[in-house]
Amino acid sequence: MDTGVIYCDDNRQRLGHLPANSVDLIYLDPPFFSNRHYEVIWGDEAEVRSFEDRWEGGIYHYIEWMKERIFEMKRVLKPTGSLYLHCDSHASHYLKVMVDDVFGQENFRNEIIWRYRRWTGASRSFLRMHDTILFYAKDADQATFNRQFTPYTEASLARKQSYHTRIKGDDVYVTSINPKGVAENDVWEIQLLNSQSRERLGYPTQKPEALLERIVKASSNPGDIVLDPFAGCGTALVVAHRFNRQWIGIDISPTACNLMRRRIMKVGALEVRLVGMPTTMDDLRALKPFEFQNWIVDRVNGIQSNRKSGDMGIDGWTFFLHEPVQIKQSEGVGRNVIDNFETAVERAGKKRGFVIAFSYTKNSHEETARARRGGMDIQLVTVEDLLERLDEVFVRMGTSATGALPGLEAAPMPQIDSKRRSAEELVKSDEGRA
Ligand SMILES: C[S@@+](CC[C@H](N)C(=O)[O-])C[C@H]1O[C@@H](n2cnc3c(N)ncnc32)[C@H](O)[C@@H]1O
(Lines give C-alpha, C1' and ligand atoms only; values in the text may rest on other atoms or scores of the structure.)
Protein backbone atom coordinates (compact mmCIF):
# COMPACT_ATOMS: atom_id res chain seq x y z
CA MET A 1 0.00 0.00 0.00
CA ASP A 2 1.23 3.52 -0.81
CA THR A 3 2.35 5.52 2.20
CA GLY A 4 3.80 9.03 2.47
CA VAL A 5 0.62 10.20 0.71
CA ILE A 6 -1.89 12.93 1.47
CA TYR A 7 -5.27 12.45 -0.16
CA CYS A 8 -7.39 15.52 -0.73
CA ASP A 9 -10.75 13.83 -0.63
CA ASP A 10 -13.79 13.00 1.46
CA ASN A 11 -12.47 10.30 3.76
CA ARG A 12 -15.62 8.21 3.23
CA GLN A 13 -14.61 7.79 -0.42
CA ARG A 14 -10.94 7.39 0.15
CA LEU A 15 -11.17 4.90 3.01
CA GLY A 16 -13.25 2.73 0.67
CA HIS A 17 -10.23 2.43 -1.64
CA LEU A 18 -7.79 1.35 1.08
CA PRO A 19 -7.26 -2.41 1.47
CA ALA A 20 -8.68 -4.28 4.46
CA ASN A 21 -6.35 -5.16 7.36
CA SER A 22 -3.60 -2.81 6.23
CA VAL A 23 -3.20 -0.06 8.85
CA ASP A 24 -1.74 -0.28 12.36
CA LEU A 25 -3.05 2.88 13.99
CA ILE A 26 -5.80 5.37 13.23
CA TYR A 27 -6.08 8.69 15.02
CA LEU A 28 -9.04 10.83 14.10
CA ASP A 29 -9.99 14.29 15.20
CA PRO A 30 -13.18 14.97 13.27
CA PRO A 31 -15.08 18.24 13.30
CA PHE A 32 -16.84 18.21 16.66
CA PHE A 33 -20.56 18.48 16.61
CA SER A 34 -20.22 21.61 18.73
CA ASN A 35 -17.46 23.18 16.81
CA ARG A 36 -19.38 25.43 14.52
CA HIS A 37 -16.46 27.61 13.70
CA TYR A 38 -13.93 24.98 12.82
CA GLU A 39 -14.32 25.71 9.16
CA VAL A 40 -13.54 29.39 9.39
CA ILE A 41 -9.91 28.48 9.10
CA TRP A 42 -9.08 31.54 7.11
CA GLY A 43 -12.62 32.43 6.36
CA ASP A 44 -15.28 34.98 6.98
CA GLU A 45 -18.66 35.02 8.63
CA ALA A 46 -20.34 33.31 5.70
CA GLU A 47 -18.27 30.24 6.50
CA VAL A 48 -19.59 30.18 10.05
CA ARG A 49 -23.11 29.87 8.70
CA SER A 50 -22.20 27.27 6.16
CA PHE A 51 -20.87 25.05 8.92
CA GLU A 52 -24.03 25.39 11.00
CA ASP A 53 -26.10 24.23 8.04
CA ARG A 54 -24.05 21.17 7.76
CA TRP A 55 -25.49 19.37 10.79
CA GLU A 56 -29.03 20.51 10.19
CA GLY A 57 -30.25 17.02 10.99
CA GLY A 58 -28.93 17.34 14.56
CA ILE A 59 -26.82 14.97 16.57
CA TYR A 60 -28.18 11.72 15.07
CA HIS A 61 -27.37 12.95 11.62
CA TYR A 62 -23.84 13.64 12.78
CA ILE A 63 -23.50 10.22 14.41
CA GLU A 64 -24.72 8.47 11.25
CA TRP A 65 -22.23 10.49 9.22
CA MET A 66 -19.47 9.36 11.56
CA LYS A 67 -20.66 5.76 11.73
CA GLU A 68 -20.23 5.14 7.99
CA ARG A 69 -16.63 6.27 8.36
CA ILE A 70 -15.92 4.32 11.54
CA PHE A 71 -17.07 1.13 9.77
CA GLU A 72 -14.51 1.73 7.04
CA MET A 73 -11.81 2.49 9.58
CA LYS A 74 -12.42 -0.80 11.36
CA ARG A 75 -12.17 -2.59 8.03
CA VAL A 76 -8.80 -1.09 7.14
CA LEU A 77 -7.25 -1.73 10.58
CA LYS A 78 -5.06 -4.80 11.00
CA PRO A 79 -6.19 -7.27 13.70
CA THR A 80 -3.39 -5.82 15.85
CA GLY A 81 -4.52 -2.26 15.14
CA SER A 82 -6.06 0.46 17.31
CA LEU A 83 -8.21 3.53 16.85
CA TYR A 84 -8.18 6.76 18.86
CA LEU A 85 -11.19 9.00 18.40
CA HIS A 86 -10.74 12.55 19.64
CA CYS A 87 -13.96 14.28 20.72
CA ASP A 88 -15.32 16.83 23.17
CA SER A 89 -18.16 16.78 25.64
CA HIS A 90 -20.88 17.68 23.12
CA ALA A 91 -20.84 14.38 21.30
CA SER A 92 -18.45 11.99 23.09
CA HIS A 93 -21.24 10.03 24.80
CA TYR A 94 -23.15 9.54 21.54
CA LEU A 95 -19.96 8.60 19.74
CA LYS A 96 -19.00 6.07 22.41
CA VAL A 97 -22.27 4.18 22.08
CA MET A 98 -21.89 4.16 18.31
CA VAL A 99 -18.24 3.01 18.30
CA ASP A 100 -19.00 0.33 20.94
CA ASP A 101 -21.53 -0.95 18.49
CA VAL A 102 -19.08 -1.03 15.56
CA PHE A 103 -15.97 -2.28 17.38
CA GLY A 104 -17.68 -4.34 20.10
CA GLN A 105 -17.75 -3.24 23.73
CA GLU A 106 -15.08 -5.79 24.57
CA ASN A 107 -12.63 -3.89 22.37
CA PHE A 108 -13.07 -0.60 24.17
CA ARG A 109 -9.76 0.13 25.94
CA ASN A 110 -9.87 3.57 27.55
CA GLU A 111 -11.61 6.86 27.78
CA ILE A 112 -8.60 9.15 27.86
CA ILE A 113 -9.08 12.57 29.36
CA TRP A 114 -6.78 15.14 27.85
CA ARG A 115 -6.67 17.83 30.49
CA TYR A 116 -5.37 21.29 29.65
CA ARG A 117 -5.50 24.77 31.03
CA ARG A 118 -6.75 27.73 29.05
CA TRP A 119 -8.17 31.18 29.45
CA THR A 120 -11.95 31.18 29.59
CA GLY A 121 -14.61 33.80 30.06
CA ALA A 122 -17.15 33.89 32.88
CA SER A 123 -19.38 30.84 32.83
CA ARG A 124 -22.55 29.61 34.52
CA SER A 125 -21.11 26.10 34.70
CA PHE A 126 -17.80 24.52 35.66
CA LEU A 127 -15.07 25.56 33.28
CA ARG A 128 -14.42 23.06 30.52
CA MET A 129 -10.80 22.01 30.59
CA HIS A 130 -10.61 18.67 28.83
CA ASP A 131 -11.21 16.73 25.63
CA THR A 132 -12.01 13.04 25.49
CA ILE A 133 -10.16 10.48 23.41
CA LEU A 134 -11.87 7.12 22.98
CA PHE A 135 -9.38 4.31 22.51
CA TYR A 136 -10.45 1.04 20.84
CA ALA A 137 -8.58 -2.04 19.64
CA LYS A 138 -9.77 -3.96 16.63
CA ASP A 139 -9.15 -7.05 18.73
CA ALA A 140 -8.25 -6.44 22.37
CA ASP A 141 -6.36 -9.75 22.61
CA GLN A 142 -4.04 -9.01 19.73
CA ALA A 143 -3.59 -5.24 19.78
CA THR A 144 -0.14 -3.67 19.84
CA PHE A 145 0.37 -1.79 23.09
CA ASN A 146 3.61 -0.37 24.47
CA ARG A 147 3.16 0.86 28.03
CA GLN A 148 4.20 4.45 28.47
CA PHE A 149 5.89 5.90 31.53
CA THR A 150 6.41 9.35 32.98
CA PRO A 151 9.66 9.82 34.90
CA TYR A 152 9.20 10.44 38.63
CA THR A 153 9.53 13.94 39.88
CA GLU A 154 12.26 14.33 42.50
CA ALA A 155 9.69 14.69 45.26
CA SER A 156 7.70 11.64 44.26
CA LEU A 157 10.86 9.57 43.85
CA ALA A 158 11.92 10.52 47.37
CA ARG A 159 8.45 9.70 48.71
CA LYS A 160 8.45 6.38 46.91
CA GLN A 161 11.92 5.49 48.14
CA SER A 162 10.92 6.13 51.70
CA TYR A 163 7.64 4.23 51.30
CA HIS A 164 9.31 1.21 49.71
CA THR A 165 12.35 1.05 51.94
CA ARG A 166 12.46 -2.12 53.98
CA ILE A 167 14.79 -2.76 56.86
CA LYS A 168 15.42 -6.35 57.77
CA GLY A 169 18.01 -6.81 60.45
CA ASP A 170 21.06 -4.99 59.12
CA ASP A 171 19.75 -5.03 55.53
CA VAL A 172 18.19 -1.92 54.06
CA TYR A 173 16.72 -2.28 50.59
CA VAL A 174 14.29 -0.49 48.30
CA THR A 175 11.55 -2.44 46.57
CA SER A 176 9.38 -2.05 43.49
CA ILE A 177 10.46 1.22 42.00
CA ASN A 178 10.27 1.01 38.24
CA PRO A 179 13.30 2.84 36.80
CA LYS A 180 11.20 4.02 33.85
CA GLY A 181 8.95 6.04 36.11
CA VAL A 182 5.25 5.84 36.75
CA ALA A 183 3.02 3.98 34.26
CA GLU A 184 0.81 6.37 32.33
CA ASN A 185 -2.84 6.49 33.31
CA ASP A 186 -5.87 7.68 31.38
CA VAL A 187 -5.72 11.33 32.43
CA TRP A 188 -3.15 13.18 30.35
CA GLU A 189 -2.06 16.63 31.35
CA ILE A 190 -0.61 18.17 28.21
CA GLN A 191 -0.44 21.88 27.46
CA LEU A 192 -2.62 23.32 24.73
CA LEU A 193 -0.76 25.15 21.99
CA ASN A 194 -0.78 28.77 23.08
CA SER A 195 -0.20 31.83 20.95
CA GLN A 196 3.53 31.66 21.69
CA SER A 197 4.03 27.97 20.80
CA ARG A 198 6.70 27.44 18.18
CA GLU A 199 4.66 24.52 16.85
CA ARG A 200 1.62 26.67 16.15
CA LEU A 201 0.65 27.27 12.52
CA GLY A 202 -2.58 29.18 12.96
CA TYR A 203 -4.82 26.21 12.18
CA PRO A 204 -7.46 26.62 14.89
CA THR A 205 -7.93 22.93 15.67
CA GLN A 206 -4.24 22.03 15.64
CA LYS A 207 -3.37 19.54 18.38
CA PRO A 208 -0.06 19.45 20.28
CA GLU A 209 2.57 17.04 19.03
CA ALA A 210 3.12 15.80 22.61
CA LEU A 211 -0.41 14.40 22.64
CA LEU A 212 0.09 12.52 19.39
CA GLU A 213 3.52 11.32 20.49
CA ARG A 214 1.99 9.40 23.37
CA ILE A 215 -0.60 7.78 21.11
CA VAL A 216 1.84 6.89 18.34
CA LYS A 217 4.39 5.38 20.75
CA ALA A 218 1.79 3.42 22.70
CA SER A 219 -0.05 1.84 19.79
CA SER A 220 2.49 1.42 17.01
CA ASN A 221 6.07 0.35 16.38
CA PRO A 222 8.70 1.71 13.98
CA GLY A 223 7.78 0.86 10.38
CA ASP A 224 4.04 0.59 11.19
CA ILE A 225 1.41 2.51 9.24
CA VAL A 226 -0.41 5.42 10.91
CA LEU A 227 -3.53 6.84 9.25
CA ASP A 228 -5.22 10.15 10.04
CA PRO A 229 -8.45 10.47 8.03
CA PHE A 230 -9.20 14.03 9.29
CA ALA A 231 -5.61 15.14 9.10
CA GLY A 232 -6.00 18.96 9.40
CA CYS A 233 -2.55 20.46 9.47
CA GLY A 234 -0.96 17.04 9.82
CA THR A 235 0.08 16.78 13.48
CA ALA A 236 -0.36 12.98 13.59
CA LEU A 237 1.59 12.56 10.35
CA VAL A 238 4.48 14.74 11.49
CA VAL A 239 4.76 12.78 14.73
CA ALA A 240 4.52 9.46 12.87
CA HIS A 241 7.32 10.60 10.57
CA ARG A 242 9.49 11.72 13.49
CA PHE A 243 9.15 8.31 15.13
CA ASN A 244 9.89 6.36 11.94
CA ARG A 245 6.36 5.22 11.22
CA GLN A 246 4.87 5.24 7.74
CA TRP A 247 1.83 7.46 7.36
CA ILE A 248 -1.22 8.32 5.25
CA GLY A 249 -3.28 11.50 5.61
CA ILE A 250 -6.72 12.38 4.26
CA ASP A 251 -8.38 15.78 4.37
CA ILE A 252 -11.16 17.25 2.31
CA SER A 253 -9.68 20.74 2.37
CA PRO A 254 -7.02 21.65 -0.23
CA THR A 255 -5.82 24.34 2.16
CA ALA A 256 -5.18 21.77 4.86
CA CYS A 257 -3.51 19.37 2.40
CA ASN A 258 -1.09 22.00 1.13
CA LEU A 259 -0.29 23.13 4.63
CA MET A 260 0.40 19.64 5.94
CA ARG A 261 2.51 18.74 2.93
CA ARG A 262 4.74 21.68 3.61
CA ARG A 263 4.86 20.93 7.31
CA ILE A 264 5.92 17.33 6.77
CA MET A 265 8.62 18.35 4.31
CA LYS A 266 9.95 20.78 6.91
CA VAL A 267 10.51 17.91 9.32
CA GLY A 268 12.57 16.10 6.70
CA ALA A 269 10.25 13.89 4.64
CA LEU A 270 11.93 13.63 1.25
CA GLU A 271 8.85 12.90 -0.74
CA VAL A 272 5.24 13.68 0.06
CA ARG A 273 2.69 12.75 -2.58
CA LEU A 274 -0.40 14.89 -2.77
CA VAL A 275 -3.28 13.15 -4.53
CA GLY A 276 -6.68 14.54 -5.48
CA MET A 277 -5.93 18.26 -5.40
CA PRO A 278 -7.94 20.43 -7.80
CA THR A 279 -6.36 20.25 -11.25
CA THR A 280 -8.94 21.60 -13.68
CA MET A 281 -10.82 24.85 -14.16
CA ASP A 282 -14.03 23.09 -13.13
CA ASP A 283 -12.44 21.76 -9.92
CA LEU A 284 -11.34 25.30 -9.11
CA ARG A 285 -14.72 26.82 -9.89
CA ALA A 286 -16.29 24.36 -7.45
CA LEU A 287 -14.08 25.33 -4.49
CA LYS A 288 -15.42 27.35 -1.60
CA PRO A 289 -14.20 30.96 -1.87
CA PHE A 290 -11.64 30.71 0.93
CA GLU A 291 -10.32 27.40 -0.44
CA PHE A 292 -10.01 28.99 -3.88
CA GLN A 293 -8.13 31.94 -2.50
CA ASN A 294 -5.76 29.72 -0.52
CA TRP A 295 -5.19 27.46 -3.51
CA ILE A 296 -4.19 30.46 -5.66
CA VAL A 297 -1.86 31.94 -3.06
CA ASP A 298 -0.25 28.56 -2.61
CA ARG A 299 0.06 27.97 -6.34
CA VAL A 300 2.03 31.16 -6.84
CA ASN A 301 4.08 30.52 -3.67
CA GLY A 302 2.63 33.73 -2.33
CA ILE A 303 1.96 35.00 1.16
CA GLN A 304 -1.53 35.18 2.67
CA SER A 305 -2.75 38.64 3.36
CA ASN A 306 -3.58 39.82 6.85
CA ARG A 307 -7.00 41.19 7.59
CA LYS A 308 -5.99 44.80 7.22
CA SER A 309 -4.68 44.43 3.68
CA GLY A 310 -7.60 42.07 2.97
CA ASP A 311 -9.93 44.94 3.76
CA MET A 312 -8.06 47.05 1.22
CA GLY A 313 -8.78 44.45 -1.47
CA ILE A 314 -5.42 42.72 -1.30
CA ASP A 315 -5.73 38.98 -0.82
CA GLY A 316 -2.06 38.06 -0.91
CA TRP A 317 1.46 39.14 -1.76
CA THR A 318 4.04 37.80 -4.19
CA PHE A 319 6.86 35.81 -2.68
CA PHE A 320 10.04 37.83 -3.23
CA LEU A 321 8.94 41.32 -4.20
CA HIS A 322 5.95 41.43 -1.88
CA GLU A 323 3.64 42.96 -4.47
CA PRO A 324 -0.15 42.92 -3.99
CA VAL A 325 -2.33 40.16 -5.41
CA GLN A 326 -6.10 40.28 -5.73
CA ILE A 327 -8.04 37.07 -6.32
CA LYS A 328 -11.49 36.80 -7.92
CA GLN A 329 -13.26 33.49 -8.35
CA SER A 330 -15.21 34.91 -11.28
CA GLU A 331 -15.41 35.36 -15.04
CA GLY A 332 -15.42 38.65 -16.89
CA VAL A 333 -13.74 40.78 -14.23
CA GLY A 334 -14.41 44.36 -15.24
CA ARG A 335 -12.92 47.84 -15.20
CA ASN A 336 -14.22 48.86 -11.75
CA VAL A 337 -12.36 45.97 -10.07
CA ILE A 338 -9.12 47.04 -11.75
CA ASP A 339 -9.75 50.63 -10.84
CA ASN A 340 -10.24 49.85 -7.15
CA PHE A 341 -7.26 47.54 -7.12
CA GLU A 342 -5.06 50.30 -8.56
CA THR A 343 -5.97 52.42 -5.55
CA ALA A 344 -5.16 49.56 -3.17
CA VAL A 345 -1.76 49.01 -4.82
CA GLU A 346 -1.03 52.70 -4.59
CA ARG A 347 -2.01 52.79 -0.91
CA ALA A 348 0.30 49.84 -0.30
CA GLY A 349 3.11 52.00 -1.73
CA LYS A 350 3.73 49.70 -4.72
CA LYS A 351 3.94 50.27 -8.46
CA ARG A 352 2.85 46.81 -9.54
CA GLY A 353 0.09 44.38 -8.63
CA PHE A 354 -1.56 41.21 -9.94
CA VAL A 355 -5.22 40.33 -10.39
CA ILE A 356 -5.97 36.63 -10.74
CA ALA A 357 -9.38 35.57 -12.12
CA PHE A 358 -10.94 33.19 -14.65
CA SER A 359 -11.31 35.90 -17.33
CA TYR A 360 -11.45 39.66 -17.90
CA THR A 361 -13.57 42.04 -19.98
CA LYS A 362 -12.08 44.09 -22.79
CA ASN A 363 -12.59 47.18 -20.63
CA SER A 364 -10.36 45.87 -17.93
CA HIS A 365 -7.51 45.32 -20.40
CA GLU A 366 -7.98 48.92 -21.59
CA GLU A 367 -7.90 50.08 -18.00
CA THR A 368 -4.56 48.36 -17.34
CA ALA A 369 -3.09 49.99 -20.50
CA ARG A 370 -4.25 53.37 -19.23
CA ALA A 371 -2.78 52.72 -15.78
CA ARG A 372 0.53 51.65 -17.30
CA ARG A 373 0.85 55.02 -19.03
CA GLY A 374 0.50 56.58 -15.57
CA GLY A 375 3.30 54.38 -14.19
CA MET A 376 1.12 51.73 -12.53
CA ASP A 377 1.59 48.15 -13.75
CA ILE A 378 -1.54 46.05 -13.12
CA GLN A 379 -1.07 42.55 -14.52
CA LEU A 380 -4.05 40.38 -15.36
CA VAL A 381 -3.37 36.71 -14.76
CA THR A 382 -5.89 34.00 -15.57
CA VAL A 383 -6.49 30.78 -13.70
CA GLU A 384 -5.68 29.03 -16.96
CA ASP A 385 -2.23 30.70 -16.87
CA LEU A 386 -1.70 29.16 -13.44
CA LEU A 387 -2.68 25.72 -14.69
CA GLU A 388 -0.97 25.78 -18.10
CA ARG A 389 1.85 28.32 -17.92
CA LEU A 390 2.91 28.59 -14.32
CA ASP A 391 6.57 29.11 -15.23
CA GLU A 392 5.63 32.29 -17.15
CA VAL A 393 3.61 33.53 -14.20
CA PHE A 394 6.59 33.02 -11.90
CA VAL A 395 8.72 35.14 -14.22
CA ARG A 396 6.04 37.86 -14.36
CA MET A 397 5.79 37.89 -10.58
CA GLY A 398 9.55 38.04 -10.10
CA THR A 399 9.31 34.82 -8.11
CA SER A 400 11.85 33.17 -10.36
CA ALA A 401 14.07 34.55 -13.11
CA THR A 402 13.99 31.35 -15.13
CA GLY A 403 10.48 30.15 -14.50
CA ALA A 404 11.77 27.22 -12.44
CA LEU A 405 9.68 26.58 -9.37
CA PRO A 406 11.30 27.81 -6.19
CA GLY A 407 11.88 24.86 -3.87
CA LEU A 408 8.93 24.00 -1.72
CA GLU A 409 11.05 24.40 1.38
CA ALA A 410 11.69 28.02 0.35
CA ALA A 411 7.99 28.81 0.51
CA PRO A 412 7.01 30.61 3.67
CA MET A 413 4.91 28.80 6.26
CA PRO A 414 1.73 30.72 7.00
CA GLN A 415 2.32 33.42 9.55
CA ILE A 416 0.17 33.82 12.60
CA ASP A 417 -1.56 37.07 12.02
CA SER A 418 -2.55 38.86 15.16
CA LYS A 419 -4.78 41.26 13.22
CA ARG A 420 -6.93 38.47 11.81
CA ARG A 421 -10.02 37.94 13.90
CA SER A 422 -10.01 34.76 15.93
CA ALA A 423 -12.58 32.04 15.34
CA GLU A 424 -14.26 33.03 18.63
CA GLU A 425 -14.56 36.63 17.46
CA LEU A 426 -16.08 35.52 14.18
CA VAL A 427 -18.65 33.39 15.97
CA LYS A 428 -19.50 36.26 18.30
CA SER A 429 -19.98 38.63 15.42
CA ASP A 430 -22.09 36.03 13.62
CA GLU A 431 -24.37 35.92 16.65
CA GLY A 432 -24.49 39.72 16.78
CA ARG A 433 -22.54 39.80 20.05
CA ALA A 434 -19.61 41.77 18.66
C1 LIG B 1 -10.44 19.15 13.82
S2 LIG B 1 -9.59 19.24 12.30
C3 LIG B 1 -8.21 18.16 12.50
C4 LIG B 1 -7.03 18.82 13.18
C5 LIG B 1 -5.79 17.94 13.29
N6 LIG B 1 -5.94 16.94 14.29
C7 LIG B 1 -4.55 18.79 13.58
O8 LIG B 1 -3.88 18.64 14.60
O9 LIG B 1 -4.27 19.65 12.75
C10 LIG B 1 -10.70 18.37 11.29
C11 LIG B 1 -10.29 18.27 9.83
O12 LIG B 1 -11.20 17.38 9.18
C13 LIG B 1 -11.34 17.78 7.84
N14 LIG B 1 -12.57 17.15 7.32
C15 LIG B 1 -13.86 17.49 7.58
N16 LIG B 1 -14.71 16.66 6.94
C17 LIG B 1 -13.94 15.77 6.24
C18 LIG B 1 -14.21 14.66 5.39
N19 LIG B 1 -15.46 14.29 5.11
N20 LIG B 1 -13.17 13.99 4.85
C21 LIG B 1 -11.89 14.35 5.13
N22 LIG B 1 -11.57 15.40 5.93
C23 LIG B 1 -12.57 16.09 6.48
C24 LIG B 1 -11.37 19.30 7.91
O25 LIG B 1 -11.00 19.88 6.66
C26 LIG B 1 -10.37 19.58 9.02
O27 LIG B 1 -9.09 19.87 8.50
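In what order do the five strands of the open sheet run? Select them and read across: β14-β15-β16-β17-β18, with mixed pairing. Strands here are DSSP E runs of at least two residues, helices are H or I runs of at least four, and both are numbered from the N terminus. Two strands pair if DSSP finds at least two bridges between them.

Before going on, note that this is a predicted model, where local features need pLDDT of at least 70, side-chain atom pairs count only at pLDDT 80 or more, and totals for chains, interfaces and linings use all residues. Residues are numbered from 1 along each chain as its sequence is written.

Now pick β14 (303–304) and β18 (377–382): each has a single partner strand, so one side of each lacks a neighbour in the sheet. Next, highlight β15 (residues 316–317) and β16 (residues 324–327), an antiparallel pair joined over two bridges. Click Trp-317 and look for its bridge partner in β16, Pro-324.

Hop over to the largest nonpolar core, with 58 residues. Such a core is a set of buried Ala, Val, Leu, Ile, Met, Phe, Trp, Tyr and Cys residues joined through C-beta atoms within 7 Å; buried means 20 or more other C-beta atoms within 10 Å of a residue's own, with C-beta atoms placed from the backbone. Ile-26, Leu-85 and Met-260 have the most contacts inside this core. A second, separate core has 25 residues, including Ile-296 and Phe-354.

Last stop: the ligand. Of the 19 residues around the ligand, show Asp-29, Thr-205, Phe-230, Gly-232 and Thr-235, which come nearest (a residue counts as near if its C-beta atom, placed from the backbone, lies within 6 Å).

Notes:
A residue is buried if 20 or more other C-beta atoms lie within 10 Å of its own, exposed if 12 or fewer, and partly exposed in between; C-beta atoms are placed from the backbone.
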